[in-house]
Amino acid sequence: MITRREFLKLTGLTIAVVSTPSGIKLLHAEESKDYRINAWINISRENRATVFINKSEMGQGVYTGLTVLIADELDFPLEKVEVRFAQPRKEYVDPRMGVLLTGGSTSIIHMFTPLRKAGAAARTLLLKAGAKKLGVKESECKTENGKVIHIKTGRAVPYGEVAEIASKMKLPRRVRLKKEKDWIYIGKPVKRLDSKDKINGEAKFGTDMYVKGLFYATVIKPERWGSRLKSYKVEKPVPEEIVKIFPISGGIAICGTDVERVWETEKNVKAVWSKSKIKGMSDKDFIKRCIDELSRKGNVAKNRGNVAKVLKKARKKIEAVYTLPYLYHATAETMNCTVKLSKDRCDIWVPTQAQTSTLRAIKRLTGLPEERIFVHTTFLGGGFGRRAAVDFVIDAVEIAKKVKRPVKLFYSRETDIKSGYFRPVHVCKIEGAVDDEGNIAAWKHKIAAPSLLEFARGKKYRVDPEVVRGVRNIPYDIPNLYVEYRKVNFPVPIWYWRSVASTHNAFTVESFIDELAELAGRDPVDFRLDHLFSNVRASRVVEIAAEKSEWSKHRYGKAIGIAFHHSFRTYVAQTVEISVEDKTNEIFIHRVVCVVDPGPITVNPELIRMQMESGIIMGLSSALYERVRFNDGRINSDNFDTYPIMRIDKTPKIDVYIVNSKGVMGGIGEPGLPPVIPALTNAIYRATGKRIRSLPIYS
Amino acid sequence: MRLTVNGKVYSIDTRKDKKLLWVLRDELRLTGTKYGCGKALCGFCTVLLDGNAVRSCQIPVYMAEGKEITTIEGIPEDHPVKIAWLELDVPQCGYCQPGQIMQAIDLLSNNKNPTDEEIISAMYGNLCRCGTYPRIIRAIKLAAKLMREKK
């Protein structure tokens, strides 16, 4: 942990930023009456706390979850806490990541101990300072609800009155954390701290930031990915609100004083791009290319037993090819950021999941030292991984450098889709056999898909772990398992999409489990449980899901499907109950039962429920509708008409059951999504006899 | 040009065909109303025009002249819809919620006791990527109940 003095040295000054409608006002911390107890906590003389969190709020609830961790140990009332997003400075890095980054369903897992320690350290100082002020021994005092209390006499002093003294004390080297039974907020369904501002329209997202004298900007993305700009010309007349049109590394920038006009002017720009390898390809062609590649040699990701021999001899065997398209994140708020750049300082207001990457990109583009770059994180109108990329930050900074004015880069929905960073396309072929006892004898799984990590990290991978995750470590007891990966890269930018590889692999594995169960003549639940024999947490969630959904009961005109998936250290089983209208084939989703085991601690049961609901609906949306369309290599999805996402009409009743167990703490933002996809398609099979092997269902 | 927003009269100098959404946001700095698609496909920009929900990304500002415009900022905190939204902690990322709330207010001003089907049909045009739909349905029912009890 860094000391307070080192922190001040690092940053020069403690600066708080307050956004006002008329622009940005910078306040020096010295002017407000805030005392910095440690990097994470300020307390004002009026006994209000400001808590700094190092994770981005994109809907998943860290604004509440992380604050609760601090406030619980601090013994401080939540209604007197103000939450701010931390700058990407050394003292705020996620200790397990080494950077500020929100992703991988890790925020609570990684910060659970460090933030409680920060709260406890502050409480220790305040207790000491409070006892001194009361003129009694520390051991005779306790803390409660933002006050230091002398136990015997009941005399109390609010933290605010001793915050200044506490802020000058040396941070304790060691702190004692509360016992579980003493937790005041952790484990309780604490209400979201961001609800009120979001309901009143007062929460500030990236698009809500304004700086005096700014230009709005957008970028025309390449007509096809994998091509470079050769030349362009601007057709007249150009609206008078347009200030400048010029090429940048990410495409062609348009700058002006009116965002609508900036977007409209895209049609005035006629660009010539170099030839791309994907010219001529439709979205079906990407799938077809991957299918073709299945017959080529890949790299072995897993080889247990002797799959070839067992498959050859087996009497009961099947094979299936599954295909999944590119997906767009479709965050509610399109990509945007606001940059104010001067000779010796850069401020960026940005809805980002990746503060450190943002900082490094700006450093590289401007040459400014890190301590002169200020990354002000706003609320994020959805993230789902998309906002861990900094492509749009680079666009904005390049534009700001050129126009020498503050710039608000704001993608229209159309540009947002064209900007790519999609969930990769994915194809796999699975061959499987069951033995005479009805158990899985062999499983051969070959994937042909782009490498996510090669794109994201710019390094080479023989086997991309972000492609085979969930298959290589398949949770079922399978004596003979062979997994192979054939890399098929396209020049389309790909990226982390909520639940990453699990969106592919839960669908393919859990569909094929049902196919094998049928081959074996077994019930899908029993079949799973028999193959999860040694996996107690997995079998338990499957059993409870079956029980809560009354799996075995007769359903007239309805059918039920089940799936299980373990991802982000959390175990989730879901059932989906549907009916299908005969004439129209329309699918009605009646009920989803979700059983989640996130490990030993539930920090906030209501936030877990929300994330399960959220994952289920996004999963259903992707399964039913989602596919990025391509035509002649061009992205042919423009907006929500050509990239439909689920609307309120398909909303099922969702029942979430949380079960805790010993073991490691699991993540929550992502694991609720993957299993619902195969649970739905398994239900469709049981209702109609039609096996869905290609997504989306409505294509 | 004079615009009446949330009961206040604003005198603005802007091009006449600018969409109401951008006048509200970029000129009046009423940023609760959000951009999502520009084509009336998502409902994030929903405001009330003389009490009826409209997509402000489709309305040239001159057409709103002389009408009562209500945005999320003009809905009091003790409005039953806002109370219900808070009670059920509906928002996740929150970006679509002002539009959802304005649409729900429109629904409840015409229908004191909507059924599930009526809620779904009224809210069909409002997208939510975080999947808060189950809570939106519950919140509208709660708000309807609060409104009936008030009377």
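Because the model is predicted, local features are reported only at a pLDDT of at least 70 and side-chain atom pairs count only at pLDDT 80 or more, whereas totals for chains, interfaces and linings use all residues. Residues are numbered from 1 along each chain as its sequence is written, and chains are lettered from A, with ligands numbered from 1, in the order in which they are written.

Where pLDDT is low, the predicted coordinates should not be read in detail.

Helices (DSSP runs of H or I, at least four residues) and strands (runs of E, at least two) are numbered from the N terminus. In chain A, the axes of helix α3 (residues 107–134) and helix α4 (residues 159–167) come within 8 Å and cross at roughly 105°; axes are lines fitted to C-alpha atoms, for helices over the stretch in contact, and angles run from 0 to 180 degrees between N-to-C directions. The helices α3(A) and α4(A) are therefore roughly perpendicular to each other, a term for angles of 65 to 115 degrees, while those under 35 count as roughly parallel, those over 145 as roughly antiparallel and the rest as oblique. From α3(A), the residues A:Leu125, A:Leu126, A:Ala129, A:Gly130 and A:Lys133 meet A:Tyr159, A:Glu161, A:Val162, A:Ile165 and A:Ala166 of α4(A).

The contact between the two chains takes 45 residues from chain A and 42 residues from chain B. On the side of chain A that touches chain B, the elements giving two or more residues are α5 (195–199), α6 (259–264) and α17 (605–624), and α17(A) gives the most, with seven residues.

In chain B, helix α4 (residues 97–110) has 14 residues, which at 1.5 Å a residue should span 20 Å, and its end C-alpha atoms are 20 Å apart, which agrees; the expected span is 1.5 Å times one less than the number of residues. Of these 14 residues of α4(B), 11 are buried, so the helix is largely enclosed by the rest of the structure. A residue is buried if 20 or more other C-beta atoms, placed from the backbone, lie within 10 Å of its own, exposed if 12 or fewer do, and partly exposed in between. The buried residues of α4(B), which include B:Ile101, B:Met102 and B:Leu108, pack against α5 of chain A together with β3 (46–49), β4 (52–55), α3 (80–87), α5 (116–123) and α6 (133–150) of chain B.

Most residues other than glycine have a negative phi, and most peptide bonds are trans. Another cis peptide bond joins A:Leu695 and A:Pro696, with omega about 0°, and A:Pro696 is in the segment after α18 (676–688) of chain A. A:Phe568, although not a glycine, has a positive phi of about 55°; this residue counts as buried, with 22 C-beta neighbours inside 10 Å. B:Asp50, also not a glycine, has a positive phi of about 50° and lies in the loop between β3 and β4 of chain B, where B:Asp50 counts as exposed with 11 C-beta neighbours inside 10 Å.

Methods. Two residues are in contact if their C-beta atoms, placed from the backbone, lie within 7 Å.
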